[in-house]
Amino acid sequence: MSRKDFLFTSESVSEGHPDKVADRISDSVLDHFIGKDPIARVAVETMVTTNRIILAGEVRAQGGIDAKILEEVARDAVKDIGYEQDGFHWQNADFHSYIHEQSADIAMGVDAAGNKDEGAGDQGIMFGYATNETDVLMPAPIHYSHLILKALADARHSGEAPQLEPDSKSQVTLRYENGQPVGATSIVVSTQHGKDVDQSELRALVRTYVEDVIPEGWMCPEDEFYVNPTGRFEIGGPDGDAGLTGRKIIVDTYGGAAPHGGGAFSGKDPTKVDRSAAYASRYLAKNVVAAGLADRCTIQLSYAIGVSKPLSVYVDLHDSGQVDPAKLETVLAEVMDLSPRGIREHLGLNKAIYARTAAYGHFGRTAEADGGFSWEKLDLVDALKGAF
């Protein structure tokens, strides 16, 4: 039997966190290629450290690979985040690209040919999750962790809080009663700041944004509200720690409240089921909960490289379901084609919509008119209700 009363904690990191800088650059490179060639194959990794940006990976796209353009893309991403520091500056950082053509062996397995449909870009397992504990059907601890950092970033970008710098982290611990969140027991925010910033003033500034985000009556006790617990955070971003693509996969998904498959998202085109099938499983789980079929839903999909159909579809309704999970597994495969091609086409993933996903979570966002966050749509609710 699952517990009803407990504490649960999730963390988030900002767009200026070193690993998120790497994710943003990788997804910006992906957008560059897929924007000019919708069927481009891209798998790009980024490393950032003190005044250095390094790209590596494989690409197949019309127009080939132009290192000078990739340098512009990377620098523009860093500039947009806001890094103009001595230790990491969008204009002054050394840049190196080791991106090359995609492996012919991988291409052979993935490409459609003759009677063979497009296959998955790799083997793997992917999970999607949804819960009715927030209006965006996400776990509350990760949802509010993201919102805190997004509020700080918006204040920094607008000039409202010029003392803030790009690198920051948050952590929210919520108390659950009878399976639902009722308040925060502790909140941690560490934010990079300019020189000579008074820490007590910074604490008061951060508190205003936290209180705007956290539901009324949920604020933690004063002695459990931590802002820059080390006392100072001037050196941050890639100058403070090296960053790599794909190291914040729990931040990207459900904050530890649900399983995560084996792969990261950023820098990968939608033939890579690590990304596209994770989006599809979130999409299905969200529609299941929105349709009232369950209060919580976890979906697992699995694939083999070069094979178009999923090897398995698994549903767990966490003892909160109104329907038979086994029947739901069959219905989900009927309302959506879960082949790599089917997912791409259903969700419209062959578009330059990925740089925006690199920070503040891939899920719990708002579906956008240009196709961004299409996996957050609720357009399967009627079909799912009708099936039962």
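Before starting, I wrote down the cut-off I need: a residue is exposed over 50% relative accessible area, buried under 20%, and partly exposed in between. I also noted that this is a predicted model.

**Entry 1: Arg232**

I first asked myself: is Arg232 buried or exposed? Its relative accessible area is 60%, and the cut-off for exposed is over 50%, so Arg232 counts as exposed. I found Arg232 in the loop between S10 and helix H6 (237-240). Setting aside neighbours within four places in sequence, I listed its contacts as His193 and Gln199. I also checked Arg232 against Pro310: they sit 78 residues apart in sequence, and their C-alpha atoms are 49 Å apart in space.

**Entry 2: helix H5**

Next I turned to H5, which covers residues 199-213. From first C-alpha to last, its 15 residues reach 21 Å, close to the 21 Å expected at 1.5 Å a residue. Which residues of H5 are buried? I noted Leu202, Leu205, Val206, Arg207, Tyr209, Val210 and Val213. For the spacing I kept a reminder: an α-helix has 3.6 residues a turn, so residues three or four places apart point the same way. I then looked up what the buried residues of H5 pack against, and got helix H4 (140-158) along with strands S8 (164-177), S9 (180-193) and S10 (225-227).

**Entry 3: the four-stranded sheet**

I traced an open sheet of four strands in the order S6-S3-S2-S11, and its pairing is mixed. Which strands stand at the edges? They are S6 (94-101) and S11 (243-244); each has a single partner strand, so one side of each has no neighbour in the sheet. S3 (residues 52-60) pairs with S6 in the parallel sense, over eight bridges. Within that pair, I found Ile54 opposite His96 in S6. Helix H1 (residues 18-36) packs on this sheet and touches S2 (41-49), S3, S6 and S11. The direction of H1 makes about 150 degrees with that of S2.

**Entry 4: two positive phi values**

A reminder to myself: most residues other than glycine have a negative phi. With that in mind I looked at His318, which has a positive phi of about 55 degrees without being a glycine. His318 lies in the loop between strand S13 (312-316) and helix H9 (325-335), and at 21% relative accessibility it is partly exposed. Phe373 is not a glycine either, and it has a positive phi of about 55 degrees. Its place is the loop between helix H10 (340-347) and helix H11 (381-387). Is Phe373 buried or exposed? Its relative accessible area is 1%, so I put it down as buried.

**Entry 5: the whole protein**

Finally I stepped back to the overall numbers. I have 11 helices and 13 strands in the secondary structure. For 388 residues, a compact globule would have a radius of gyration near 21 Å, and the protein agrees with 21 Å. The C-alpha trace spans about 65 × 55 × 30 Å along its principal axes. Buried residues account for 55% of the 388. Of the contacts between residues at least 6 apart in sequence, 73% join residues at least 24 apart.

Notes: Residues numbered from 1 in each chain as written. Predicted model: local features only at pLDDT ≥ 70, side-chain atom pairs only at ≥ 80, totals over all residues. Heavy atoms only, no water. Expected span 1.5 Å × (residues − 1). Buried < 20%, exposed > 50% of the residue type's maximum accessible area, 1.4 Å probe, protein only. Contact = heavy atoms within 4.5 Å. Pairing = 2+ DSSP bridges. Axes fitted to C-alpha atoms, helices over the stretch in contact; angles between N-to-C directions. Rg over C-alpha atoms; globule rule 2.2 N^0.38 Å.
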